[in-house]
Each structure stands twice: as structure tokens, then as C-alpha cells.
Amino acid sequence: MAVLRLEHVSKRYGVGDQTVQAVRDVTLSIDAGEFVAIVGPSGSGKSTLMHLMGLLDVPSTGHVLVDNVEASSLRDKDLARLRNEKIGFVFQNFNLLPRTSAVENVALPLFYAGYRTQPALAKAREALARVGIDPHLRGHHHPNQLSGGQQQRVAIARAIVNQPRVVLADEPTGNLDSQATDDILGLFASLNQEGTTIVLVTHEDYVARHARRIVSVRDGLIASDEAVVHSAGPQAGVEA
Amino acid sequence: MRLNRILRTAFLGLGHNPLRTALTLLGIIIGVAAVVALLGVGQAATASVTSQIQGLGTNVLVISPGQSTENGFSQGLGSSASLTDSDVKALQKDNALAAVAGDVTTRAQVVYGSVNYQTQVEGTTPDIQTIRNLSLAAGRFFNTVEANHDGYVAVIGPTAAENLFGTQSPVGKTIWIDGLAFEVVGELASEGSSGATNNDDRILIPLQTMQAHLLGGDSLTTIYASARDSQSMTQAQLQVEATLRQAHGLRFGESDDFTVTNQATLLSALSNVSHTLQVFLGGIAGISLLVGGIGIMNIMLVTVSERTREIGLRKSLGATQGSILGQFLTESAVVGLLGGCIGIVVGIVGAQGIGRFLQTSVPISPSSVWISFVVAVAVGLVFGVYPALRAARMSPMNALRYE
Ligand SMILES: Nc1ncnc2c1ncn2[C@@H]1O[C@H](COP(=O)(O)OP(=O)(O)OP(=O)(O)O)[C@@H](O)[C@H]1O
Ligand SMILES: [Mg+2]
């Protein structure tokens with residue numbers, strides 16, 4: 001069953017009197033439980049595609065369906081609700097609120113969902129524990145008191161705290177060293193094992209090989225869409 | 001998002017840059033304090049003049065030399081000595097009037113022992129006591145016999161008494177006015193000082209003595225008359241005008257060379273002036289509140305553009321336009337609210353300070369406090385709306401990419 005569907009989606013940007021065609025007539029479907037990597041060179045339209053999937057931007061033409069709900073007809077309130085309940089975002093630069101504790105950062109989507117403070121914080125602590133951050137040891141730390149890898153774990157906890165249908169991650173390891181990159185990728189793999197759908201945007205083959213399906217984008221078009229055959233664990237992934 | 005969260009977020013945002021928040025607050029504080037203090041001072045000024053006018057007594061007509069405007073304020077005060085003793089005599093025949101007293105006022109040196117004091121010396125008749133409703137703290141008023149037969153007697157106001165005699169009782173003492181000896185026979189009760197003029201700082205002596213031995217001539221500064229009752233005021237005033245016109249030989253079409261005023265006309269003239277004063281002061285205060293509001297708007301616009309990425313992030317996590325709007329509106333409303341509260345306190349303290357300086361009490365009306373408080377919060381909301389709307393309407397993707 002499709003969690004995300006793009007149907008003949010295009011996105012044009014106007015810069016001055018020029019227009020940039022960032023996404024051209026893309027049709028793509030992502031099913032529940034998948035772990036998809038979107039790869040491609042810089043400027044190929046990966047981030048734009050992800051923003052469209054996450055309802056952060058509206059397509060110039062075409063349709064975006066989240067959990068079989070067509071987004072273009074929705075009002076702001078319903079869009080916000082879909083983003084809140086169905087989608088979790090992870091960004092390259094973590095995007096945690098400064099001067100705000102890790103627990104409160106993670107609880108943010110719950111507050112927007114209308115949770116009371118205590119239940120929200122309790123759930124946030126659980127999510128932190130799930131991503132390997134001890135909520136009692138580090139929960140009250142502010143982002144600037146955490147390492148890059150830890151910050152990204154907090155961001156992932158925030159993305160999954162509301163049990164979304166899909167987690168969209170744009171270059172989540174772009175700012176991390178190789179050790180932290182492996183940790184984060186391992187975390188994504190284990191979340192996927194538990195059933196979370198993951199879409200991961202990257203330009204690194206090494207990162208993409210952790211996914212089970214690779215969609216490669218070039219000039220706003222889907223160049224290839226292939227499953228990854230894992231012969232011996234994620235590291236040994238080979239394109240079929 | 002729940003209310004406690006919205007408030008927490010707003011305070012977090014304000015704590016982001018404390019100095020900037022404090023400066024924004026200052027704008028509102030000054031505006032609100034100005035409203036509270038200036039309106040208070042305006043009311044105090046009005047109250048002070050009102051009490052002086054009411055001190056005239058309700059049935060009193062005040063006749064002064066010179067022409068008047070419609071408002072009852074004299075334009076050119078008597079260049080010619082248009083009021084004399086004969087006017088008093090003519091008016092005393094009017095049966096619409098209960099009592100009439102002529103009055104001459106001058107400033108003179110008064111000496112008691114080694115004390116030398118300059119004060120207001122008023123020549124008048126015993127009738128003034130009933131007309132102006134004067135009461136005595138000690139002794140008695142000079143009587144008709146003394147008044148009509150060169151009596152060297154004086155009644156002294158409490159301020160003048162204190163300055164001349166200190167703590168001693170003035171009654172029975174002899175004072176020298178312009179080289180003439182007067183016996184003090186009574187001390188007036190305090191009428192209380194109001195603003196710049198002090199009715200307690202004066203010495204009353206018989207009119208006749210004053211004219212014959214101190215000043216010469218028979219011209220008067222003022223004639224006080226009292227109507228039989230407050231209903232007959234208008235009639236009494238018309239009567240006075242007719243009598244004086246006749247006494248002065250004014251023909252039809254010639255304008256009066258005197259002015260008759262009473263408490264009612266003075267009060268209505270005053271209420272015009274005090275209304276203008278209140279509007280003027282309120283206007284100044286309002287402008288400073290407006291400037292404070294523009295300060296809020298300015299800061300909120302800066303804040304919104306500084307925190308564009310935060311807005312994008314919050315939207316990606318499920319914030320609606322409404323909750324972003326609420327977040328920034330709450331921030332500016334909190335500035336208005338906090339500024340309003342501090343401003344009211346500063347305004348009250350400031351008004352008391354001004355009151356101490358002017359030696360009057362400055363009343364703080366609850367309505368001016370309420371109004372300025374509500375206006376401060378409203379200013380915060382109104383001037384916060386535009387920045388908040390800009391934040392709320394941002395596309396999440398553009399906001400996230402903003403640098
Ligand atoms: N807001 C915008 N206005 C104008 N052009 C834009 C805008 N956003 C993206 N583009 C253009 O759209 C194209 C695709 O951009 P996008 O960010 O999706 O690329 P990307 O594949 O994510 O690249 P990278 O790997 O460098 O992040 C680029 O040519 C970019 O210049
Ligand atoms: Mg990108």
C-alpha cells in the first residue's frame with residue numbers, strides 16, 4: 001500500500017525572468033515499510049522532490065498523495081495536520097531549536113498535536129531512549145551541549161516521536177564524520193526493521209547502499225529506480 | 001497548541017535577546033507612564049482651579065473693572081478706574097442683592113517687631129465675611145463702627161500670621177503697614193492653598209482706612225455681591241449690570257466698562273479650558289504610545305525575519321498558520337502587557353513626584369489606569385499583527401531555505 005505517491009509532478013521556480021525546472025513530470029510511489037534512497041548529483045532536484053513529498057512545497061502541476069489523501073485540495077490546517085501526524089523530517093543541519101532542551105525539542109510535534117506537557121515529555125523521553133540518547137543523562141541538554149551525531153539522533157527522535165507513516169531525511173549525514181554517519185545509518189536501518197518507512201536523500205553512494213531501493217534523479221527526472229540486493233548485510237549492498 | 005505552551009514559547013522568544021526586549025518595553029513604558037501621569041496632572045490642575053472658584057461661594061457675583069469677553073474672562077483689565085465707592089452705594093439699594101462689599105487689594109510691607117514681611121493687604125468691609133463665607137480661627141472680624149470710623153484694626157490670614165508671629169497668637173498684637181500701626185483683632189481660618197494663589201496669605205483692614213490713609217482715592221479693585229439665593233443669580237446679575245450702567249452713564253449701544261462673573265460662568269469657562277488641556281495632554285501621551293507601538297512593530301519584523309528558519313521548522317513539525325500567528329502575537333502582546341504594567345507603576349510614581357513638586361495631590365483615576373493598560377495591550381496586538389501575519393503566511397520550504 002502506497003504511503004506516498006507523486007503523480008506527474010513538476011516544479012518550476014522563477015528566478016528573475018528565467019524559470020528553473022527543478023522537477024519534471026515525476027511519477028513515484030513509496031510503499032509502507034520501504035527504505036528508499038534518492039540519489040543524484042547536486043542540483044538534480046532531490047531536495048525539491050523531498051519538499052514536495054513532505055508537503056512543505058506545492059507542485060506546479062501534478063498531484064501529491066500522502067496516505068492516499070490528495071494534498072492540493074487541502075487547507076493550511078489540514079496540511080499542517082498531515083505534516084504533524086504522517087511525516088517526520090530529518091535535516092542536514094539538524095534544525096533543533098537553540099536554547100531548548102533535547103526533550104522539549106523532541107516533544108515539539110506532540111505539542112502541536114495538542115498533547116499536555118507531561119504526557120508529551122514522557123513520550124519524548126521514550127523516543128530519545130529509542131535513538132540511543134539517555135533521556136536522564138542528556139535530556140535536559142541544549143543542542144549546543146551535544147555532538148553533531150547526538151544532535152542528529154535528537155532530530156531523529158523528534159521525527160519519529162509521533163509515529164509518522166514516513167520519515168523524510170535530507171542529507172542526514174552530510175554534516176557528520178564517518179563514525180557518526182555509520183551510527184545514524186544503523187539507526188535508520190533498525191527503525192526500518194521495526195516498520196518505519198524511510199526516504200533518505202543523499203549524493204553519496206556509500207550512504208545510499210544502506211537503503212533497499214535506490215531512486216536516482218538527474219535534471220529533475222527519474223533516471224533509474226532499482227531495488228538493492230543485500231547479499232551480506234547493508235555494507236555489501238550491490239545494485240541489481 | 002495549548003495555551004501554556006504558547007506562553008512559554010513567547011517568553012522563550014522574548015528571552016532570546018533581552019536587551020532588545022527591554023528597549024522595546026521601554027517605548028511602551030514611557031507611553032503608558034505619560035498617559036497616566038499627564039492625565040493625572042491635568043486633572044490635578046483642573047481640581048485646583050475648580051476648588052478656587054468654588055471657594056468664591058455659590059451665590060457670589062464678582063464685579064471687576066474693564067470689559068469682558070463672552071467667556072467671562074476680562075480682556076483689558078480696567079485701564080480707567082471704573083469701579084468706585086459710589087457704585088457700591090448704588091448696588092446696596094438693589095433688593096436682589098443680600099450684601100455688597102467693595103474691595104481694594106495691594107501689596108505692602110508689614111512689620112511686626114523685627115520681622116519684615118511683604119504680603120497682600122486687602123481693604124474691605126465687614127459684609128465680606130458673609131459674602132465670602134469667611135470663618136475665624138481666633139478673635140473677631142472688625143465691626144461696622146471700626147470700618148466706618150478710621151479703625152486701625154486688621155484680620156490676618158494664617159499664612160501671613162505664621163510668617164509674622166511664628167507660633168505666637170496674633171490677636172491683640174500691633175503690626176505696622178506702610179508705617180501705620182494696626183491692631184490685629186482676628187485670625188482667619190485656613191482656606192487651604194490651591195496651586196499658585198494662597199488665600200491664607202493676606203491681611204484684611206477696613207476699606208475706608210485703606211483708602212483714606214494708605215492709597216488715597218475711592219477706586220476699587222473688585223466689588224463682591226451676594227444674591228439672595230442661588231435661584232436669583234441670573235436676575236441679580238442683570239440687575240447689577242443695569243444699575244452699574246446707569247451709575248456710569250452708559251448709553252444704549254455702549255459696551256460695559258465692568259465685568260460681572262459668577263461661579264457658574266467661571267466653572268463653565270474652566271471646563272472648556274480643562275477639556276482642551278486634557279485633550280492636549282492626552283494627545284501627547286497618545287503620540288508617545290503610538291511611537292512605542294511602532295517600536296514593537298519594528299522589533300517584531302526584525303524578530304520574524306531573524307527566526308524565519310525556526311518558523312519553517314515549526315511548520316514542518318505541524319504548526320498551523322494560526323499557531324505561528326498566535327506565537328508572535330503573544331510575544332508582542334506580552335511586551336504590551338508587561339510594558340503597560342510597568343508603565344502604570346512608573347506613571348503613578350511620576351505623578352506623585354510632580355505632585356510633590358507642585359505641592360498639590362495628583363489624583364490617579366482608575367479609568368486612566370485601565371484605559372492605558374488596555375491601550376498598551378491593544379498597541380502590542382495591533383502592531384504585532386502585521387509581522388505575525390508575515391510569519392504565518394510564509395511557505396514552509398522558503399522559510400527553511402531562508403538565510
Ligand atoms: N527556491 C528556489 N528558487 C529558485 N530555484 C530553486 C529554488 N530551489 C531550488 N531551486 C533550483 O532547483 C534545482 C534543484 O534544486 P535542489 O535543491 O532540489 O537540488 P538538490 O538535488 O537537492 O541539490 P544538492 O544535492 O546540492 O542539495 C536547482 O537548480 C536549484 O537551483
Ligand atoms: Mg539538496
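A polar contact is a pair of N or O atoms within 3.5 Å; within protein, one atom must be able to donate a hydrogen and the other to accept it, and residues adjacent in sequence count only if both atoms are side-chain atoms. The model is predicted, with local features needing pLDDT of at least 70, side-chain atom pairs counting only at pLDDT 80 or more, and totals for chains, interfaces and linings using all residues. Residues are numbered from 1 along each chain as its sequence is written, chains are lettered from A and ligands numbered from 1 in the order in which they are written, and side-chain values use heavy atoms, with hydrogens and water left out.

Ligand 1 lies between chains A and B. It is surrounded by 14 residues (a heavy atom within 4 Å), the closest being A:Ser42, A:Lys46, A:Ser47, A:Thr48 and B:Arg401. Oxygen atoms of ligand 1 are found 2.6 Å from a polar side-chain atom of A:Thr48, 2.8 Å from an N or O atom in the side chain of B:Arg401, and 3.2 Å from a polar backbone atom of A:Ser44. The protein buries 70% of the 630 Å² that ligand 1 exposes when taken alone (Shrake-Rupley method, 1.4 Å probe; for residues, only the protein chains shown count as cover).

A:Phe188 touches (heavy atoms within 4.5 Å) A:Phe35, A:Val90, A:Ile156, A:Val167, A:Ala169, A:Pro172, A:Ile198 and A:Leu200, leaving aside residues up to four places away in sequence.
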